[in-house]
Amino acid sequence: MTGTVYKSTGSWYTVKSTEGTFYECRIKGKFRIKGIKSTNPIAVGDVVEFEIEEIGDEVVGVISVIKERQNYIIRKSVNLSKQTHIIAANLDQVFLLVTLNNPKTYPIFIDRFLATAEAYDIPAVLLFNKIDTYEIEELDEVKYLAKLYRDIGYTCIGISAKTGKNVGQVKELMNGKTSMFAGNSGAGKSTLINSIEPTLDIKTAEISEQHLQGQHTTTFAEMFDLGFDGRIIDTPGIKGFGVVDMKKEEIGDYFREFFKLKAGCKFNNCLHLDEPSCAVKAALDNDAVSWSRYKSYAQMLTGEEDNYRTDSFGEKK
C-alpha cells in the first residue's frame, strides 16, 4: 500500500493511505542502519509504501519503502550535534511566523531559515504576527522589515492570528498546497492554525512572563487536512536553526540578493569577506545590501551556530 506520513513520534508513524484510511505504522530496522545521519529516517510529508500486519486484535502497518523526496526542510538535531533532523518533506511552501517581541524573532534566525528554504528550493513566506499588539514605533519596525524582505523578493504579510487580520490572505496562498508553519515557540503557530481551521482546536499556551518565551505546545510535527483544498504541517517551536549540508562557497547563493551580484565579483569563488573587488561588499558599502543580512551570512559562513541574538535589524554594528 502507498500512503503519506501525517505524524511522526520517532518510533511510530501515522500514515494516510491513498484510499483515505489512517494506519499506525512502524519501520523495518534496516532503515536505521543505512548510514542515514538523520535522527528521523522518516518525516511528516514522506510518501511511503507499507504492508499491513495483524498482531492479535490490532492492525499494524510496516513501512518498507520511502519514496524519493521532492524536497525537505532540515536542521541540526537539538541533542545530537553531529546528526540532523528532517522537519518535514514534500512541501509546496513554508510560512515563517515572525514576532518583534514575546518572543523576539532575531534576524539571524529568519535568514538561516530562508537560506535553508532556498537551498532545498521551497518557496517561503514571512508572516509578521501579533500586529494587533504593537505600538506605532513597533509597527514602523515591522514595515521596515517587510520592505527589506519584499525588496529581496519574499512575500511578507502582516497578520494577527488572534483577531484574524489578513488570515484570509494566508488561506488563499494555501489553497491546493501542502504548507508548513514554523517559528519560535510562542510566535503563534497554533493560534494561527486554529484561526485558519477552527475545527482542529490545536492546543495553545501563554507566553512565559518570566522569560518572554513561548511554551512548547507542539511536541511532534503533524499534518492536517483542511476544510478547503489544502494541508498544513504544524511543527514544534524552534529556538535556534543551525544550518546543515551547506558548503561555504554555496551559502552566498542562498541569499538571493548576493546571488544576483556575484557575477560582478572579481573571483568566481568569492566568499564576500576580504576579497578585492567584491560586488557584494561594494553594495554593502553603498547601502544596497542590508547590513543585518550580511551579518547573518557572515555568521553562517564562520559557523557561529549559537549566536542568534543580533540586536539590530538595520544598524551597522
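Here is a friendly conversation about reading the features of one predicted model.

Trainee: What should I know before I start?

Mentor: This is a predicted model, where local features need pLDDT of at least 70, side-chain atom pairs count only at pLDDT 80 or more, and totals for chains, interfaces and linings use all residues. Residues are numbered from 1 along each chain as its sequence is written, and side-chain values use heavy atoms, with hydrogens and water left out.

Trainee: Which residues of α2 are buried?

Mentor: "Buried" is under 20% relative accessible area, "exposed" is over 50%, and "partly exposed" is in between, using a 1.4 Å probe and protein chains only. In α2 the buried residues are V142, L145, A146, L148, Y149 and I152. They cover an arc of only 155° around the axis, so they sit on the same side of α2. That arc is taken from the directions from the helix axis to the C-beta atoms.

Trainee: Why do residues point the same way along a helix?

Mentor: An α-helix has 3.6 residues a turn, so residues three or four places apart point the same way. In our case, the face of α2 turned away from its buried side carries the exposed residues I136, E137, K143 and D151.

Trainee: What do the buried residues of α2 pack against?

Mentor: Contact means heavy atoms within 4.5 Å. The partners of the buried α2 residues are α1 (107-119), β9 (124-128), β10 (155-158), α6 (256-261) and α8 (291-302).

Trainee: How many residues of α1 are buried?

Mentor: In α1, 11 of the 13 residues are buried, so this helix is largely enclosed by the rest of the structure. Among them are F109, D111 and F113.

Trainee: Next, cores. Which residues touch the most other members of the largest nonpolar core?

Mentor: The general idea is that in soluble globular proteins, nonpolar side chains tend to be buried together. A nonpolar core is a set of buried Ala, Val, Leu, Ile, Met, Phe, Trp, Tyr and Cys residues joined through side-chain atoms within 4.5 Å. The largest one here has 38 residues, and V94, L126, Y149 and M180 touch the most other members. Its largest share, 6 residues, comes from α2.

Trainee: Where is Q93, and is Q93 buried or exposed?

Mentor: Q93 is in strand β8 (residues 93-98). Q93 is buried, with a relative accessible area of 4%. Leaving out residues up to four places away in sequence, Q93 touches I122, P123, L173, M174, K177, T178, S179 and M180.

Trainee: What about backbone angles?

Mentor: Most residues other than glycine have a negative phi, and most peptide bonds are trans. Now look at N166, which is not a glycine but has a positive phi of about 65°. N166 lies in the loop between β10 and α3 (167-174), and counts as partly exposed at 25% relative accessibility. H272 has a positive phi too, near 60°, but H272 is buried, with a relative accessible area of 4%. The peptide bond from N102 to P103 is cis, with omega near 0°.

Trainee: How many salt bridges does the structure hold?

Mentor: A salt bridge is a side-chain nitrogen of Lys or Arg within 4 Å of a carboxyl oxygen of Asp or Glu. The structure holds 10 of them. One is between K7 and E222, with their closest N and O atoms 3.9 Å apart. That pair links distant parts of the chain, 215 residues apart: K7 is in strand β1 (residues 2-8) and E222 in strand β12 (residues 222-225).

Trainee: Which residues are joined into one network by shared partners?

Mentor: R293 forms a salt bridge with D111, at 2.9 Å between the closest N and O atoms. The side chains of E257 and R293 also meet in a salt bridge (2.8 Å, N to O), and both of these residues are buried. Through shared partners, the salt bridges join D111, E257 and R293 into one network.

How values were computed. Helix = DSSP H or I, 4+ residues; strand = E, 2+ residues; numbered from the N terminus.
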